[in-house]
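Here is a short tour to read alongside the model. Keep the viewer open and follow along.

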Amino acid sequence: MIMPNIELYAANVIPKEEYAVSGHRACQGCAEILAVRLALKALGRDTILTMATGCMEIVSTPFPTTDWKLPWIHVAFENAAAVASGVDIGLKILMKKGKVKKSDINIVAIGGDGGTSDIGLQSLSGAFERYHKFIYICVDNEAYMNTGVQRSSSTPFGAMTTTSPPGKLSMGQPTWKKNMVKIAVAHNIPYVATACPSYPFDLIEKVKKAKMADGPAYLHILSVCPTGWRTASDLSIRYGRLAVESGVFPLYEVENGTYRLSLNPEPLRPVTDYFKGQGRFRHLTDEYIDKIQKRTIKEWEDLKTLCGVK
Amino acid sequence: MIEFTIDGKKVKATEGEFILPVALREGFDIPTLCHHEALGSDGRCRICVVEVKRGSRKRIVTSCLYPVADGIEVSTNAPDVMLVRKSVLELLYARCPEAEVLGHLAKKYGVENVRYSKDHDKGKCILCNICIRACAEIVGVSALGFSGKGMSKKVTTPFDEPSDTCIACGACVVACPTGHIFMKDDKGVRTIWKKKFPLAQCPECSRFHAPVEQLQYISKVTNVPLETLMVCQDCR
């Protein structure tokens, strides 16, 4: 449930223990490390993390230091979900043999949008299909940020990246953002949700629900990236909210195939409110903005129909 | 510094601490519903029971309210502990069969068939007192309390009427371990504790963002002018 503006009080009831500690090398204003931090607070200490290559891996473990207070395995770009399924099976066997005490251990795979929707998609799909009990968290900052902002299949239409530069011959990213959530839903897994660190209580609640799910769970978290999006670093939380309020990134969850809207931001803000101030959308002409606006409204209406909201 | 053992492992704690926070810090698995980091212990849910051996005497105690002492031996999974924990869970589950958290715990501790008749009028409330404490200690308005005794005991606003002191902040909703409290925002009105609160409309973007009562309360506590707070965070 979304509760805007109660942070003043409710923030006091968020767990205080930190599992992603300070000292990491994330950029100023990074919403991605914030999302991971909040998610780990909700997961607690009985957690094993496997992490694909990406921003979070680069900033958190420059040798020989580490940011994690939990068992953390770095794997290659494509197999975070495959390693998580291995951890799941391994733990099952060790518990059966009595070498590990029987207990609830959360297995969490974290990947960026590249590690999820481009490179890691097949291992993720396999792990969903085999129905391992694990949580996959995709922290989506909409491009390959740590290598210098290259486009991914999660980059939104029209965005500027170094491999989709706007100019005379191009207008930025020519394709639409891949709908990873729908792909996850299509696997018939018990819990799929979208979240954003600008709505921390909603995010924590969703991670807790994913923890309780009876099989694989998928969380898609939009993480504002001031470096790659060319925004001011003090406005990350605001851009997350604007993305939700303009309908570009609606917050919803799918429990066993049933859609539910977490927050109804109607009346939607125009997408220009969200684009304004973002360097990656600066070149867009009215014609393209109009096109994006129309598509956003259509996707929002489709989602509303799925959720049964009038 | 006090030294004692939990399940055979030597642990250290400072004087005045209770067993539960120490055990959770050391990584032992003790279930709890009414203990909260920010609010402390209350000893209401009673599923955090452990066995404490002091000298030659053994006792089953609630770990959240038992102060640590030198040389005690704590067992978190002795057969007696499991028996008591199971019975408590069975009673709680019979009271609130709809609560997912209890269903999960019941499954984990092997509560298969509940011997008592199930209640269906209690919702998901296990009377853990967290919402009441959050309202009084964190928010500071004390809009909630217990009413009635025994079977009819419940958490509610005074006299079961729409409260004048409630500011509709929703801290009780976030704190509730079972998800019992109902709150809904719809078309500029927030419904909570059987009362409808108007939401403030931002003069810049005309979106509803927070209850007027809450903004008035924040304004009173922090001395920020109400006009500033009426503008939503994104337009401020």
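The report below covers chain A as a whole, one of its loop residues, and the domains of chain B.

This is a predicted model, in which local features need pLDDT of at least 70 and side-chain atom pairs count only at pLDDT 80 or more, while totals for chains, interfaces and linings use all residues. Residues are numbered from 1 along each chain as its sequence is written, and chains are lettered from A and ligands numbered from 1 in the order in which they are written.

Let's begin with the overall figures for chain A.

| Property of chain A | Value |
|---|---|
| Radius of gyration, over C-alpha atoms | 19 Å |
| Box of the C-alpha atoms along the principal axes | roughly 65 × 45 × 40 Å |
| Buried share of the 310 residues | 50% |

The radius agrees with that of a compact globule of 310 residues, near 19 Å, by the rule of 2.2 Å times the number of residues to the power 0.38. "Buried" calls for 20 or more other C-beta atoms, placed from the backbone, within 10 Å of a residue's own.

Now zoom in on Val248(A), which sits in the loop between helix 10 (236-245) and strand 7 (252-255). Val248(A) is buried, because 22 other C-beta atoms lie within 10 Å. Beyond its neighbours within four places in sequence, Val248(A) is in contact (C-beta atoms, placed from the backbone, within 7 Å) with Ala243(A), Val271(A), Tyr274(A) and Thr296(A).

Chain B has domain 1 (2-108) and domain 2 (130-230), with bounds from an automatic or database domain assignment. Their contact takes nine residues from domain 1 of chain B and eight residues from domain 2 of chain B.

Notes:
A residue is buried if 20 or more other C-beta atoms lie within 10 Å of its own, exposed if 12 or fewer, and partly exposed in between; C-beta atoms are placed from the backbone. Two residues are in contact if their C-beta atoms, placed from the backbone, lie within 7 Å. Helices (H or I, at least four residues) and strands (E, at least two) are DSSP runs, numbered from the N terminus.
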